[in-house]
Amino acid sequence: IEGQGHGAVFDCKFSPDGQHFACTDSHGHLLIFGFGCSRPYEKIPDQMFFHTDYRPLIRDSNNYVLDEQTQQAPHLMPPPFLVDVDGNPHPTKYQRLVPGRENCADEHLIPQLGYVATSDGEVVEQVIGQQTVDQDEQGLEPSILDGMIRQLQLQQDQRIGADQESASGGPQNGEGTPRRG
């Protein structure tokens, strides 16, 4: 990739008619090849990442992969937010493109950003909002994004619990999220 060194193609898909194909690479680029007009693709932002793309993962005692911050399996987490390369969230019309966010209320689609001073006096832009116990103990700034993730996870747990109750005629084991055996 010109000016950026070598890169790897991660995924490639062909259209059903075979006239187009799209690839993603290790630099975060989406490459679309084919015949026809490119006007529909000009409407999307140049940079689109999930806010969780570079969050650290850990393994639990059973060797399952977990998100380090939430201690949940990544596939059980609520849908992520679309952000640019600097972590700034995109407008709601793009957030609705994420599967699972199509029908979310506007206030659940965009985290609120603010400016905070770090311990060395530098002012940085950061997501602001509800503070967790861990953040309060460590003196870290609050994150509305984390609060939204917790709220969406709670809603998902409640839906799963309601589905299990209606399927079996009563509560299962008192837990909202199914556990691995």
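This is a predicted model: local features need pLDDT of at least 70, side-chain atom pairs count only at pLDDT 80 or more; totals for chains, interfaces and linings use all residues.
Residues are numbered from 1 along each chain as its sequence is written, and side-chain values use heavy atoms, with hydrogens and water left out.

**Overview. Fold of the protein chain.** The protein chain has three helices and nine strands, these being DSSP runs numbered from the N terminus (helices H or I, at least four residues; strands E, at least two). Along the sequence they follow the pattern β-β-β-β-β-β-β-α-β-β-α-α. Of the 181 residues, 25% are buried, a term that means under 20% relative accessible area, with exposed meaning over 50% and partly exposed in between (1.4 Å probe, protein chains only).

**View 1. The open sheet β1-β2-β3.** Three strands form this open sheet in the order β1-β2-β3, with antiparallel pairing; two strands count as paired if DSSP finds at least two bridges between them. Because β1 (9-14) and β3 (30-34) stand at the edges with a single partner strand each, one side of each is left without a neighbour in the sheet. The twist averages 15° from one strand to the next, based on axes that are lines fitted to C-alpha atoms, with angles from 0 to 180 degrees between N-to-C directions. Five bridges join β1 to the antiparallel strand β2 (residues 20-25), where D25 is the bridge partner of V9.

**View 2. Surroundings of Q72.** Q72 lies in the loop between β6 (65-67) and β7 (82-83), and it counts as buried because its relative accessible area is 19%. Leaving aside residues up to four places away in sequence, Q72 touches L66, D67, M77 and Q153, where contact means heavy atoms within 4.5 Å. The side chains of Q72 and Q153 are joined by a polar contact of 3.4 Å, that is, a pair of N or O atoms within 3.5 Å of which one must be able to donate a hydrogen and the other to accept it.

**View 3. K93 in helix α1.** K93 is placed in helix α1 (residues 92-95) and is exposed, with a relative accessible area of 57%. K93 and D106 are 13 residues apart in sequence, and their C-alpha atoms are 9.4 Å apart in space.

**View 4. Cysteines C37 and C104.** C37 is partly exposed at 49% relative accessible area, whereas C104 counts as buried at 16%. A search of the whole structure finds zero disulfides, the criterion being a pair of cysteine sulfur atoms within 2.5 Å.
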